[in-house]
Amino acid sequence: MRKFLMSMIAGVFILSSCGNKATEQKTTHISNPVLPGWFADPTIKKFGDIFYIYATTDNEMLASGAPTVWYSRDLQNWYNYIMEVPTLNSVALRNFWAPDIMQGEDGRYYLYFGNCQAGCNIYGYVSDSPVGPWEKLHDDDTPVIAQNYPIDGFPSLDAQFFQDDDGRIYGYWGTWVHYNSGYAVGELNAETMDVMSNSTNIPLVQTPNPFEAAYMMKKGDKYILMYSAESCHNETYKVLYSYANDPYGPFTPGENNPILQTSEDGTTHGPGHHSVLENGDDYYIVYHKHDVPFTAGGMARQVCIDSMIFENDSTIKAVVPSQKGIKAFIPSEVPEDIAYKATASASSFYHLQSPAYDYKYLPDYAFDNDNATMWKAADNTFPQSLSVDLGEEKNIKRIATQFEFSPYYYQYKIEYSTDNTNWEVYADRSDNRIPGSPMIDDHDVRARFVKLTIQGTEKTGTYAAVWNMKVYEETFDIPLNLVNKPSENEQGAASSQSMIVGFDANSLSGKSFDKLANAGSLGGDLVRKGNVKIVADKESGAKAIEFSGGALELDGIAVPKSLEWNGAFTVSTWVKNPEVSDRDECLASWCDRSAHYLANSYNAVHYNKSNYGAVAHLDGHFDLPYNKVPEANKWHHIVVTFDGVVEKVYVDGLLDTAQNMLLSSAIENAKIRIGASDASEFYTGLMASFQMYDYALLQSEIAKVYHESALK
């Protein structure tokens, strides 16, 4: 696997060094990824002269972001809008998975989302506009396609609808279908657009190796049922197809499956869950792929488009995934970006170093017009600045900035200068609460240098990071020209840059106690819950706290805001576990497991042999096991750090394992616990010391603590 990942890195650097020449300002290709951000499960449609991409908003709370649509006239310049979608009566919506949309006989637009908060159902909405605002099709929240339909146990997700030449509309849906009797097919009432009938399952043999994301299209007289196979979490994800003479089948598998899969160089990793765009006789497959460098669990996905060619009506040639994308077949009215490939600098940049990666998020990446690369600051502190030298004084009338997370606001200021010394304000959004991509700022100045200063973000732990920053000498028309609503949320919390919780057993006396004074900056007491006592280790004589079915809880003090969402942290502890078990053995937890019950929203540090043996995130695709489990009945210094990008585990001063990760930590009703999780996963062993910080310690600091300890 490491060899595979390293090949991906090599591919990225090749792409970075082989970009377009600086003189090639006007885009001739729609390059991949097409959208600047984390989005998956794309459905592409054209209504009027505007293209729309409806997608799952990714890379947060297990793909549970806001319902977002992107729109464009030229397929090159995209603008996003967060849609107004009513919540359910029984629960506040947070899942807007795998959307599809159709225009009904009445001219109105019908939007469908999958959701698993009240059963895995597909709900429907209607609007007079392709972007909403949306109304429920059923005020009582009756799904358009309910769970257990057409058979008991069937999860109704990933619905795609197909309208045949006779006007009849068919739906295809299902996920985890290899466990659930195959994809479902049924007919949608074309008049009401809100109920399915005549539904059945397509036998598994007709769509070999299925997983999710069925998509139906017609070529000549053949019905082409495309679908995604294997696991969406890794490089095995791919697209296959079968064909038939009828929308219900029977279907014959394509002879040249799969038609889209991970590329040999790894730059297209885990492609799938697609839709198809037709332009005359040409076909284009619009799909998502994983990010490079790869984020754990495969939930940092981006939307791509490539040519799809039919050999005949029942045979699709293998798609060649690319970074260059497809030839632009629609003229763009957007003028050239005068900052393209210009000299860039920044206050700092992030250098990702782990066993799998050595990758730099360079300032230049913000001016390469490449949605696969971004500039990211060295850490999640503010302010951070990004500058560009245009080479000579030029007219500047518009600046368009694509921040990493379009659903959340960034607070920033843009300045301009002729000499790189004296600066004037171009746009001041220091109090901005409006999310979006791109953020567009207009002014009419003449300058050579432009500087962006990011002062804060909506979400705790989110970095100053920019996909692209484009500078124009002229303003231009923006289709729809929608503006997202301001957020009501306060700016994300800053780290205190301190140890927030801690104790050292050497400072304790006696054996029994009810509470310990917290040595960290949060203050308060660590209250004993259950079987916890002070002992002396028989072999080393070291004083320690023995846990045997109990825990220490920080009493009366809330988990600090600096640990919420993607907040950085370090847990550092000296422990001796007499027997390393296959489960439980939680050393520390600080998130509410039941708040969302989503992998990214929970984290806790463990010392066991299971797949969550180092860090638990509620799902094996995200959990981080030890590479080498620390030996039982010996003192070990175990440290877990997270800096907002990489989660690292150190054992006895050395890096044991790591993974790229983005968290959505739920802390509102949580407690900081030492020796247990909030689900009674108790640690059963000795702990000589414990420290928790709201920032990530450096490896040199961790090694120093280890080597200076008498327990090593």
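Biologist: Which residues does Thr175 touch, not counting residues up to four places away in sequence?

Modeller: They are Pro155, Leu157, Asp158, Asn180, Phe211 and Glu212. Contact means heavy atoms within 4.5 Å. This is a predicted model: local features need pLDDT of at least 70, side-chain atom pairs count only at pLDDT 80 or more, and totals for chains, interfaces and linings use all residues. Residues are numbered from 1 along each chain as its sequence is written, and side-chain values use heavy atoms, leaving out hydrogens and water.

Biologist: Why does Thr175 count as buried?

Modeller: Its relative accessibility is 2%. Buried means under 20% relative accessible area (1.4 Å probe, protein chains only). So Thr175 is buried.

Biologist: What makes the link between the side chains of Thr175 and Glu212 a polar contact?

Modeller: The distance is 3.1 Å. A polar contact needs a pair of N or O atoms within 3.5 Å, and within protein one must be able to donate a hydrogen and the other to accept it. The Thr175–Glu212 pair is therefore listed as a polar contact.

Biologist: What makes a space a cavity?

Modeller: On a 1 Å grid over the protein atoms alone, a 1.4 Å probe fits at its points but cannot get out. The whole structure has seven cavities of 30 Å³ or more.

Biologist: How much space lies in the largest cavity, and how many residues line it?

Modeller: About 230 Å³, the space filled by probe spheres set on the grid points, which are joined across faces, edges and corners. The lining has 20 residues, each with an atom within 4 Å of a point. Trp38, Asp291, Thr295, Tyr361 and Glu404 lie nearest the centre.

How values were computed. Buried < 20%, exposed > 50% of the residue type's maximum accessible area, 1.4 Å probe, protein only. 1 Å grid on protein atoms, 1.4 Å probe; cavity = no way out; pocket = protein on both sides within 12 Å on 5 of 7 lines; lining within 4 Å.
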